[in-house]
Protein chains: 2
Amino acid sequence: MNAIPDQRNGRDFIQSIERGFAVLLAFDADLPTPTLAELAKRTGLSRPAVRRILLTLQKLGYVSSRGPRWSLTPRVLTIGQHYAATHGIVEVARPHLMRVAERTGESSSLAQLDGTDVVYVARVHVRRVLSLNVDVGTRLPVHATSMGRVLAAYAEATTVDRILDAGLPRFTEWTVTDPIEFRDRLHDVRRAGYAIVDSELEDGFLSAAVPVRDATGDVVAALAYSTARGRHSIEDLERTVVPVLLEVAADIGRDLAALPERSRRLRVDARDGFF
Amino acid sequence: MNAIPDQRNGRDFIQSIERGFAVLLAFDADLPTPTLAELAKRTGLSRPAVRRILLTLQKLGYVSSRGPRWSLTPRVLTIGQHYAATHGIVEVARPHLMRVAERTGESSSLAQLDGTDVVYVARVHVRRVLSLNVDVGTRLPVHATSMGRVLAAYAEATTVDRILDAGLPRFTEWTVTDPIEFRDRLHDVRRAGYAIVDSELEDGFLSAAVPVRDATGDVVAALAYSTARGRHSIEDLERTVVPVLLEVAADIGRDLAALPERSRRLRVDARDGFF
DNA sequence: TGCAAAGGGTACGCACAGCGTACACGGAGG
DNA sequence: CCTCCGTGTACGCTGTGCGTACCCTTTGCA
């Protein structure tokens, strides 16, 4: 039995890597094109340290400087590509998401759990949903979204505990913020096999989600459909949308099972022997 | 036989950051869920070094382990969000891209130059374009794409030189691989104000692109429309699509100029980072 | 049954990578 | 004139991060 890799030895943690990401992620809507000094203040690092890190990131192609101001390059977008490339479900799901969008005329998305957040891993957007600017990589709270409810409903108990520990902030007057009620909702999801959440994240934002299962039956993602309350009612969703989602989720699961099992066998490197 | 001579001898370069990214990016289609030893071999680092890096990345939330195999977490997708958050054009362009998609029924995209590649920074996909799996973050070669031609046409001379130095690989029998001819094409683009590229990257892949200019007139991105040759002819594009693109590109430029430093307050504040 | 191969962890001591302090410079604004 | 903002860099020291070496477990095959 593998022990949990814990033991904050400090010896198995590379400070420079943490600092590198700290600087990279310090570029923010609040600080789109910061100066070196601003980054130092923001990250709490010394100016020479930030400078070394910036020059490193620049050499690696992730940031560039124009005058005294620094900015991210499009290369940071490339990092995410490695996720899609290593998680077959993203590519498998895309055509199915388009099918949902075509059949329903609204946006559909695929999301997974990361820590205590929901992260969109694939999305087909038909039109902008209210003020929410949702795209691949967007993090949303678990408790106020249909995808989050689905993912939490089938997650391990410790995961749900962690989510509750993180707190259930209120976004609208309908947000479920009570842990007991939240667990009740998860129970509802498990019984019904889908989740519908209405205006708990933003007023008028209405969405439905169902689990996507892999070959072993494990829930590996949530498939969702989102719209505005003015365009559809909850009853609409239950009657017409949820069946489509369930069908498509099953299709995705089937395609997922049919994946070539990562067939590409690794070539043995002749690096040690003669050739 | 130590293969890689360390060319980064500058005192202002942090080796650990480079190594961190090396390990993170070693996860790809050929190695979706590698073992520690596989990563060590792939990156050329020692096993203890890779282990330290993996444990660090795990603590930061970018990788996770199941048994002896490691994989990326959805959190790597979050990194790209910082690009959109710091580059107003991405958010500004999205509704316009949707307009193009709605008016034309095909996919439209926004891309920028990164080194010698074109990187998609925003995209609205209506349907899958041939075998190309294009999404935000995808890198494509400059010389064989309409967006690349547009961006190169208005780029600095040194940038074009760098692109030519990198070589013009052939993808189809129609790919422009001759530097002289490539420069001619750039000249054509500057004269016409748009680029149309037919089947130079993949047979049957047809696209048109126009420049997007900011308030000062600088070309900051390329706006493109892509389709299959079976569905549209080049004449179709010139007659009906290019005018739409030019109009929309102007709209984007106008919105961009009207972007008052920072006015967008429409982000759900999803907390990330644990400490 | 045993051995090799492939997976993994950990101890340990040394080198130098990376650290921050301190100082210098240039420009803008008072 | 000074101050505040921005930058770069010299430099000595700390201790981070390095790799070697060794050990364990599991698996597969002879």
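A: In this predicted model, an N or O atom in the side chain of B:Ser46 is 2.7 Å from a phosphate oxygen of DNA strand D. A backbone N or O atom of A:Ser16 lies 3.1 Å from a phosphate oxygen of DNA strand D, and a polar backbone atom of A:Ala37 is 3.1 Å from a phosphate oxygen of DNA strand D. On chain A, helix H1 (15–24), helix H2 (36–43) and helix H3 (47–60) each give two or more residues to the surface near DNA strand D.

Of the atoms of DNA strand D that come within 4 Å of the protein, 72% belong to sugar and phosphate. By residue type, the surface near DNA strand D has eight nonpolar, five polar and four charged residues.

Next comes DNA strand C. For DNA strand C, sugar and phosphate make up 73% of the atoms that come within 4 Å of the protein. From chain A, a polar side-chain atom of A:Arg52 lies 3.2 Å from a phosphate oxygen of DNA strand C. From chain B, a polar backbone atom of B:Gln15 is 2.9 Å from a phosphate oxygen of DNA strand C, and a polar backbone atom of B:Ala37 is 3.0 Å from a phosphate oxygen of DNA strand C. The elements giving two or more residues to the surface near DNA strand C are H1 and H3 of chain A, along with H1, helix H2 (36–43) and H3 of chain B. The residues of that surface divide into eight nonpolar, five polar and four charged.

Some of these helices also pack across the two chains. Two packed helices are described by the angle between their axes and the distance between the axes. For H3(A) and H1(B), the angle is about 40 degrees and the axes are 9 Å apart. That angle makes H3(A) oblique to H1(B). The crossing of H3(A) past H1(B) is right-handed. On the side of H3(A), the contact is made by A:Ile53, A:Thr56, A:Leu57 and A:Leu60, and on the side of H1(B) by B:Ile17, B:Glu18 and B:Phe21. Five residues of the contact of H3(A) with H1(B) are nonpolar, one is polar and one is charged.

A further pairing between the chains involves helix H4 (residues 75–86) of chain A and helix H4 (residues 75–86) of chain B, whose axes come within 7 Å and cross at roughly 155 degrees. H4(A) and H4(B) are therefore roughly antiparallel to each other. The crossing of H4(A) and H4(B) is left-handed. From H4(A), A:Val76, A:Leu77, A:Ile79, A:Gly80 and A:Tyr83 take part. They meet B:Val76, B:Leu77, B:Ile79, B:Gly80 and B:Tyr83 of H4(B). The residues of the contact of H4(A) with H4(B) comprise eight nonpolar, two polar and no charged.

Terms used. Residues numbered from 1 in each chain as written. Chains lettered and ligands numbered in written order. Predicted model: local features only at pLDDT ≥ 70, side-chain atom pairs only at ≥ 80, totals over all residues. Heavy atoms only, no water. Axes fitted to C-alpha atoms, helices over the stretch in contact; angles between N-to-C directions. Helix = DSSP H or I, 4+ residues; strand = E, 2+ residues; numbered from the N terminus. Parallel < 35°, antiparallel > 145°, perpendicular 65-115°, else oblique. Left-handed = near helix turned anticlockwise from the far one by under 90°. Contact = heavy atoms within 4.5 Å. Nonpolar A, V, L, I, M, F, W, Y, C, P; charged D, E, K, R; others polar. Near = heavy atom within 4 Å. Polar contact = N/O pair within 3.5 Å; in protein donor to acceptor, adjacent residues only side chain to side chain.
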